[in-house]
Amino acid sequence: MNRRHFSLALASALLAPLKAVAAADTVFLDYSQDDLDKAYDQRNWAANAGEVIKRYSTDSIAARAKYPPRTERYGQSEAETLDIFAPAGARGLPVMVFVHGGAWRALSKDDSAAPVSSFVEHGCLYVALNFANIPAVRLPDMASQCRLAMLWICANIARFGGDPQRIFVSGHSSGGHLAATLLATDWKSLGAPADLIKGGVVMSGMMELYPVLLSSRSGYVKVSAAEVEALSPMRHLDRIACPVIVVHGDQESPEFKRQANVFAEALSGMGRLRAQFVLRGKNHFEVPEAFNDASHPLTMNVLAMMKG
């Protein structure tokens, strides 16, 4: 079976249970509506969510004070900016682009600087990506802004000491979804190198939007069936042409665990899974904090991937 057929088979397998609903009160697999709503709201599974999210901000403030970034605009709107963190004298260094989470409607690059030291102190650039959130824009617009940012980085990062031939992307939660969407982008059709992204780290992301939009998230995420198709990375596995690390916490909701495991299984079958990490004792919101520690096995694996 070739890679494209394998990719389509895995995507079909993910949706197949929908064709055989076991009971009238289930809406996806064996979930009732209430259960599915809870499975896509991570606050039900993390009592300390507010505390951890505050840490994103306070830790980022400290990192930005220690490593002042260059803020650049990649698009026309106020939201289309990014922060570039580089070690002194940077030249030709690998680049990690981080896509923040926030359920597609919260947070920004200003909450994404905490991992800076893990990268700049180990010979890498770190880019915190900003983009507009819902309801200012729709989800397809968010994906388009992220793609525009990657094109800008490819064309301009050498001016800041980065290597345009070694660009990597990572993201958490809704940012994990957007990062995977970037990994599954046809860059050649956008006038960029087909291998613009050399590797990815998808943390606690949603790879298939169909069940997500059966949940209460559909109250604010408004997309058409064609947009669900376009923005579900599981349906475009054949476009992923680089190694990917998949990460989730063992204290996350069952749906986030399932999505991570299905994605990792598909990548493994394609020969694209570099590693899968299940972070023990960590809930959804705690997962990206692993990047803050350069000695964490996940971060060490990412740095090794970036340095080849």
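This report describes strand pairing and aromatic contacts in a predicted model.

## Basis

The model is predicted, and local features need pLDDT of at least 70, side-chain atom pairs count only at pLDDT 80 or more, and totals for chains, interfaces and linings use all residues. Residues are numbered from 1 along each chain as its sequence is written, and side-chain values use heavy atoms, with hydrogens and water left out.

Of the 7 residues of strand S8 (residues 197-203), 6 are buried, so the strand is largely enclosed by the rest of the structure. Buried denotes under 20% relative accessible area (1.4 Å probe, protein chains only). Strands are DSSP runs of E with at least two residues, helices are runs of H or I with at least four, and both are numbered from the N terminus.

Strands pair if DSSP finds at least two bridges between them. S8 pairs with strand S7 (residues 162-172) in the parallel sense over 6 bridges, and valine 169 has glycine 200 in S8 as its bridge partner. On the other pairing, 4 bridges join S8 to strand S9 (residues 244-249), also running parallel; here valine 201 stands opposite isoleucine 245.

## Aromatic pairs

Rings of Phe, Tyr and Trp (its six-membered ring) pair if their centres lie within 6.5 Å; planes under 30 degrees apart count as stacked, over 60 as edge-to-face and the rest as tilted. The count comes to 6 aromatic pairs. Tyrosine 40 and phenylalanine 256 form a tilted pair, 5.7 Å centre to centre with 55 degrees between the planes. Tyrosine 40 lies in the loop between helix H2 (33-39) and helix H3 (49-66) and phenylalanine 256 in helix H9 (residues 254-270), so the pair ties together parts 216 residues apart in sequence. Tyrosine 40 is buried at 2% relative accessible area, and phenylalanine 256 is buried at 0%.

Note on methods
Buried means under 20% relative accessible area, exposed over 50%, partly exposed in between (1.4 Å probe, protein chains only).
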